[in-house]
Amino acid sequence: MRNAPADQMRDHPGVLPDLDLLAARGHILVCGLNDVALRIVEQLHAAHQRVVVIDDLPDERLARIVAGLGVQLLNLSPQRSAVLERAGISGAAALLCVEADELRNLDIALLAHRLRPDLRIVVQLTNQQVGRALERVTGPGTVLDVAGLAAPSFTEACLQSLTHVITIGSEQFCITELVVEAGGTLRSNLGDLAPVAVVAAETQQVIVCPGRDLPVAAGDRVLVIATSGELDDRQMTAHGADPPRRSRVAAIWQHVVGVIADSERSFAYTLAALAVLTLTSVIILMSLYRHPETGDKVSALDAVYFTVETLTTVGFGDYSYVGEAAALRVWAIVLMIVGALLVAVIYAMVTNLLVSRRIDASLGSRKVRGMSDHVIVIGLGSVGLRVVEALVAAGESVVVLDHDENNRYLAKARSLKVPIVLADSTQQSSLEAVKLGRAKAVAVLTSMDLVNIETGLTIHELLGARRDEVPVVLRVFDRQLADTVEHTFGFSRVRSTAALAAPWFVGAALGLNILHTFFIQTQPMLIARWVVSADGALRGRTLLEVSARIRVIAISRADRPGELEHPPRRDTVLEGGDQVYLVGPYEELLDFLGRDGAGRGAARSGG
């Protein structure tokens, strides 16, 4: 029956492939095969874990990649208990639900929990209310949201954030960037501060977790991790300050100017003509007009009052051209005719402008007026919405550009008071409508790689001289394509949602608690917590033996819960049960887990 078609096997629950999984122990089940699942499988395989993928409708391209890794793929529905049992759920170390359909994920998770209540189950769910309820069944930290996990990285890339704050125990640690002021070593410049990475000023080469005796030059950037108190003691401040905020008066004035600039050109010409006519009338009245009772010249204020009174055809009777010189009466005729015409035209244009803006707002396509130093978010999906929420929470001005007027996230974005333009992001006119020329950053987050790349290239062309000044963050799913885009087109902030989220799922499956992710140039870094195995290879080892590319931030000893040992020394010995807080590249952390017996007894075969 091994060669039975997938449809036949789905129609006949009793027909199952002949797989030797019933007796398997320590393997990890991955339900669903999509971009995120593929990255999870690749990383689990790299950590020497045996993986079994279950999907009744797998993508053929992804299935070929999985097969190339030697990973077993069950072409069956994981929503059936018979399939999970045949896949060896009784001996599995963990089960990950990463189907695209979240209702299926919920169904599979509840089914797996019923079959084996002690199994570690990790579930992808966007709905936070359902997720919190499910965590009461599967345990804390087992329900993950891909959009929520990936959004902070996109947000930090937009804001060019150089400081990351993380709480470990009762202590707050800052990962911040400092600039080397004088040549020497890291130790001579930073003392005992723990360096996470060095970026050479000349070559931009990244050295991860360097030793303190590494030579550095003035201008090199160093990412260090320390408590706020340690930074204050050395009178060091984080590199990069928040830009000053505009005053309310300046914002209102810029908004008014923006409204005029964005309206029809004839409106500006009409306003200018009316202003010239008014100024001319004031000058003539101050020079030639005599008050009918006193015979005195009128003041500037009276001249303005009389002019406006004439233009608006109010005529209170307190001023009159009767008895004035013939030339002045001729001017009065011209003023009344031309002025009334100009005022009527302006009334009509203002009415048209207000009605047009009301219609635009009701359709969710209100144009941005007078904004500057704002962040443009292109693509309002689950990731885009999370990025918008994070930017608004950070006090940033945000503009959304999306093509779908039926987007289910529009209402939520509007509730955040975020202007939305509904248009094609690959068109120059659409990017001009969201004021690309005055933006401080752009995040291109649609769900289609080709659209993101095309939009990114259009943005680069339109930015011109500001290309290096304005960060453009691209969301690209395919890792190889992301690398190609970075090196070919010069984009330095290309992020993959799958790549950002996968470590959290792998960590949850293996028992590694990931606390934070961030980037150094294009190098992804993770901060994680790991409990040293009582019978693992790291028990009794010193920190010097951990890894050259992993920095141990702090240690919470098993026999002293609540106390935090930081900064640890290189000769510090690890003991079973110690909680170790680590920072480093993800591949190094996986190797760390492998050496300590990742998965707590999981099989370590290459399958």
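Predicted model: local features only at pLDDT ≥ 70, side-chain atom pairs only at ≥ 80, totals over all residues.
## The packing of α7 against α14

Two packed helices are described by the angle between their axes and the distance between the axes. For α7 and α14 the angle is about 55 degrees and the axes are 8 Å apart. An angle of this kind falls in the class called oblique, and α7 and α14 are therefore described as oblique to each other; the crossing in which α7 passes α14 is right-handed.

On the α7 side the contact is made by A147, G148, A151, F154, T155 and L159, which meet S382, V383, R386, V387, A390 and L391 in α14. Sorted by class, the contact of α7 with α14 holds 8 nonpolar, 3 polar and 1 charged residues.

## R386 in helix α14

R386 is found in helix α14, which spans residues 382-393, and R386 is one of the α14 residues that meet α7. Is R386 buried or exposed? The relative accessibility of R386 is 18%, and because the cut-off for a buried residue is under 20%, R386 counts as buried.

When residues up to four places away in sequence are set aside, R386 touches T126, Q128, D145, A147, G148 and A151. Among these contacts, A147, G148 and A151 also belong to the set of α7 residues that meet α14.

## The antiparallel sheet

A further open sheet is built from 4 strands in the order β20-β21-β23-β22, and here the pairing is antiparallel. The edge strands are β20 (513-520) and β22 (551-556), each of which pairs on one side only. Averaged over the sheet and with direction ignored, neighbouring strands are turned by 15 degrees against each other.

Strand β22 is joined by 5 bridges to strand β23 (residues 579-585), and these two strands run antiparallel. Within this part of the sheet, R551 stands opposite V583 in β23. Helix α19 packs on the sheet and touches β20 and β21 (523-531), while its direction makes about 155 degrees with that of β20.

## The packing of α2 against α19

Besides packing on this sheet, helix α19 (residues 497-510) packs with helix α2 (residues 35-46) at an angle of about 55 degrees, and the axes of the two helices are 8 Å apart. The angle makes α2 and α19 oblique to each other, and their crossing is right-handed.

The contact is made by D35, V36, R39, I40, Q43 and L44 of α2, together with A498, A499, A502, P503, F505, V506 and L510 of α19. By class, the contact of α2 with α19 has 10 nonpolar, 1 polar and 2 charged residues.

## P215 in strand β12

P215 has its place in strand β12 (residues 215-216). With a relative accessible area of 62%, P215 is exposed. Apart from residues up to four places away in sequence, P215 touches G184 and T185. P215 and R187 are 28 residues apart in sequence, and their C-alpha atoms are 9.1 Å apart in space.

## The chain as a whole

The chain contains 20 helices and 23 strands, and 47% of its 607 residues count as buried. Among the contacts in the chain with a separation of 6 or more, 66% are accounted for by residues 24 or more positions apart.

Terms used:
Residues numbered from 1 in each chain as written. Heavy atoms only, no water. Buried < 20%, exposed > 50% of the residue type's maximum accessible area, 1.4 Å probe, protein only. Contact = heavy atoms within 4.5 Å. Axes fitted to C-alpha atoms, helices over the stretch in contact; angles between N-to-C directions. Parallel < 35°, antiparallel > 145°, perpendicular 65-115°, else oblique. Left-handed = near helix turned anticlockwise from the far one by under 90°. Nonpolar A, V, L, I, M, F, W, Y, C, P; charged D, E, K, R; others polar. Pairing = 2+ DSSP bridges.
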